[in-house]
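Welcome, and thanks for taking a look at this one with me. Here are a few notes to read alongside the picture.

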Amino acid sequence: MTTLSSKSAEEIRWMLDDYGIKHGPVVDSTRALYEKKLREAMAKQRKTKPQSDRTYYREEAELTYVHHHRPQRYDAVSHRARSNYRGMDYTDEPAIYRTQASPFLNVSQARNMPFEPEKPNILESSSTRWVPVWLQILVFLIVSGLLYLIFINMEPAEPVKRLT
Amino acid sequence: MLLFRPSITQINNVLGITKHNDFVAEPMGEKSVMALAGIGEVLGKRLEEKGFDKAYVVLGQFLVLKKDEELFRAWLKDTCGANTRQQGDCYSCLREWCDSFL
């Protein structure tokens with residue numbers, strides 16, 4: 001969990017701009033609200049990133065290789081002394097340059113990369129659905145059970161009701 | 001068969017029409033935070049505890065959030081636990097007041 005409360009107001013403003021969050025000045029009375037919005041945006045980014053990159057190929061595969069590190073980089077950089085926020089972006093760039101140097105090599109590496117973390121992530125993301133899966137199955141069983149009961153009770157009546 | 005026949009006043013009270021109209025009709029001056037539409041006794045108390053004891057202080061917060069609806073709603077919800085309707089009432093009340101007087 002990044003220590004947002006230790007960041008300067010300017011850094012918070014940069015982060016809000018980065019996530020595309022509309023905002024006003026970061027003052028005492030608005031700070032808590034913006035920190036909360038940033039946490040939500042960061043959590044959302046961590047959930048959607050690994051899945052959405054699945055269909056990408058060549059160039060995007062390089063990006064997934066880079067972006068997979070991004071969430072961890074925020075944590076690492078926040079502990080640095082002179083927390084120049086822009087420095088966070090710079091730490092990502094060497095990774096980009098490396099992948100661009102030998103695209104074909106890294107494509108095979110990058111392709112292997114997203115598959116592994118996807119499996120645990122898919123399991124994680126399924127646990128944050130709006131309605132839990134077990135509940136859906138339970139409701140389905142109840143409904144089908146009710147329909148079955150209705151069906152059973154209708155059976156004897158059928159041969160009687162004949163329009164002759 | 002209508003056993004309960006609300007008066008116009010009662011309807012206006014439930015819908016918050018009178019409160020809204022009263023607030024946006026004139027400069028707010030030193031009005032209490034409970035004069036704001038959507039803010040009743042419970043929410044007003046919570047706001048006062050956080051230091052927002054006058055309507056103009058909430059106005060200040062509204063302006064610092066650049067009169068943005070989503071931000072103001074989120075702030076109001078976090079600060080005093082206002083529900084969607086209360087958030088909306090307070091927001092439109094302040095926005096209309098600003099349109100007239102700001």
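1. Is B:K66 buried or exposed? B:K66 is exposed, its relative accessible area being 56%. For these words, buried stands for under 20% relative accessible area, exposed for over 50%, and partly exposed for what lies in between, with a 1.4 Å probe and protein chains only.

2. Before going on, please keep in mind that this is a predicted model, where local features need pLDDT of at least 70, side-chain atom pairs count only at pLDDT 80 or more, and totals for chains, interfaces and linings use all residues. Residues are numbered from 1 along each chain as its sequence is written, chains are lettered from A and ligands numbered from 1 in the order in which they are written, and side-chain values use heavy atoms, leaving out hydrogens and water.

3. Back to the loop between α4 (55-64) and α5 (69-80) of chain B, where B:K66 is found. B:K66 is not a glycine, yet its phi is positive, at about 60 degrees. Most residues other than glycine have a negative phi.

4. B:K67 also sits in the loop between α4 and α5 of chain B. Its phi is positive too, near 55 degrees, and B:K67 is a residue other than glycine. B:K67 is partly exposed, with a relative accessible area of 38%.

5. Chain A has 8 helices and 0 strands; helices are DSSP runs of H or I with at least four residues, strands are runs of E with at least two, and numbering starts from the N terminus. Of the 164 residues in chain A, 28% are buried.
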